[in-house]
Amino acid sequence: MPTKNVLPVMKYVDIKDNIGNGKPLILSFGMSHCYSCIAMSKIFAEVLKVHPEFQIYSIDSQKERLVSRDIYKLKEMPTQLFFNASGEEVFRHTGAYKKAVVDIILKKYGFD
């Protein structure tokens with residue numbers, strides 16, 4: 001059952017080529033039954049309403065276990081991975097943030 005005002009869940013295969021495309025990018029890994037994951041998804045959806053040009057994608061860690069576990073070595077959810085314009089991971093965070101903190105982090109890592 002989809003929740004309103006959240007990021008649409010994407011398949012990693014459909015967005016992985018965007019990493020390093022000259023613009024910073026965020027992968028937000030979570031699970032559909034995780035309240036903190038849904039909270040982060042809502043915050044990122046709110047950010048995208050104001051900045052639709054940002055690349056922020058939601059990945060379902062349960063459906064994409066090989067990606068979350070084997071490629072990115074994630075152990076807890078939610079986890080957000082921040083990539084710079086060249087595709088290098090520059091920051092990762094596990095847990096949920098308040099919107100004000102997300103805004104500061106976005107500015108720090110080139111989302112402006």
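The dialogue below goes through the sheet and one of its residues in a predicted model.

Me: How do E1 and E3 run, and how many bridges join them?

Reply: E1 and E3 (residues 55–60) run parallel and are joined by two bridges. Val-9 has Ser-58 in E3 as its bridge partner.

Me: In what sense do E4 and E5 pair?

Reply: E4 (residues 79–83) pairs with E5 (residues 89–94) in the antiparallel sense, over five bridges. Thr-79 has its bridge partner in E5, namely Thr-94.

Me: How many residues lie between the strands in the hairpin of E4 and E5, and which residue takes a positive phi?

Reply: Five residues lie between the strands of this hairpin, and Gly-87 takes a positive phi near 95°.

Me: Where is Ser-28, and is Ser-28 buried or exposed?

Reply: Ser-28 is in strand E2 (residues 25–30). Buried means under 20% relative accessible area. Ser-28 has 5% relative accessibility, so Ser-28 counts as buried.

Me: Which residues does Ser-28 touch, leaving out those up to four places away in sequence?

Reply: With those left out, Ser-28 touches Phe-44, Tyr-57, Ser-58, Ile-59, Thr-79 and Gln-80. Among them, Ser-58 is also the bridge partner of Val-9, and Thr-79 is the bridge partner of Thr-94.

Notes:
Residues numbered from 1 in each chain as written. Predicted model: local features only at pLDDT ≥ 70, side-chain atom pairs only at ≥ 80, totals over all residues. Heavy atoms only, no water. Helix = DSSP H or I, 4+ residues; strand = E, 2+ residues; numbered from the N terminus. Buried < 20%, exposed > 50% of the residue type's maximum accessible area, 1.4 Å probe, protein only. Contact = heavy atoms within 4.5 Å. Pairing = 2+ DSSP bridges.
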